[in-house]
Amino acid sequence: MYVTITKLKLKTPFHFFSLSLHALKVKKQLKNSPCVRAKFTGMGMTHYTMSLWRTKEDLEAFSKSGAHLNSMVNAKKIAGEIQVLTIDSMNLMPWNEAKSLLARSRVIKY
């Protein structure tokens, strides 16, 4: 099983509305996907997602299609930086652990 953790920092607080619109569409896509479980947190300029997948193929198919693909294409417009980390894990982890792992991973700056 695989856990993907994402951190997105907005360029400005005004981009929150655009992020929210994309998030609603991605959550709808998640409900119709083979995602085992997902959770979200964030406030202000920084937002996080965490999702659990049985196979890498399921994860990759989701990330490269539909609303998620559209949100990735548009990410440069609203995000100042994005971090994504995928690890082998049987369960989602507490947010403090996930954030610690992200702190040691690669940052994509726009």
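Author: With 110 residues, a compact globule would have a radius of gyration near 13 Å, and the protein chain agrees, at 13 Å; this radius is taken over C-alpha atoms, and the globule rule is 2.2 Å times the number of residues to the power 0.38. The model is predicted: local features need pLDDT of at least 70 and side-chain atom pairs count only at pLDDT 80 or more, while totals for chains, interfaces and linings use all residues. Residues are numbered from 1 along each chain as its sequence is written, and side-chain values use heavy atoms, leaving out hydrogens and water.

The chain has four helices and five strands, which are DSSP runs numbered from the N terminus (helices: H or I, at least four residues; strands: E, at least two). Their order from the N terminus is β-α-β-β-α-α-β-α-β.

The largest nonpolar core consists of eleven residues: Val3, Ile5, Tyr48, Met50, Leu52, Leu85, Leu92, Met93, Trp95, Ala98 and Leu102. Strand S1 (2-10), strand S3 (46-53) and helix H4 (95-103) each give two or more residues to this core. Such a core is a set of buried Ala, Val, Leu, Ile, Met, Phe, Trp, Tyr and Cys residues joined through side-chain atoms within 4.5 Å; buried means under 20% relative accessible area (1.4 Å probe, protein chains only).

Apart from its neighbours within four places in sequence, methionine 93 is in contact (heavy atoms within 4.5 Å) with Val3, Ile5, Lys39, Met50, Ile87, Ala98 and Leu101.

Terms used
Buried < 20%, exposed > 50% of the residue type's maximum accessible area, 1.4 Å probe, protein only.
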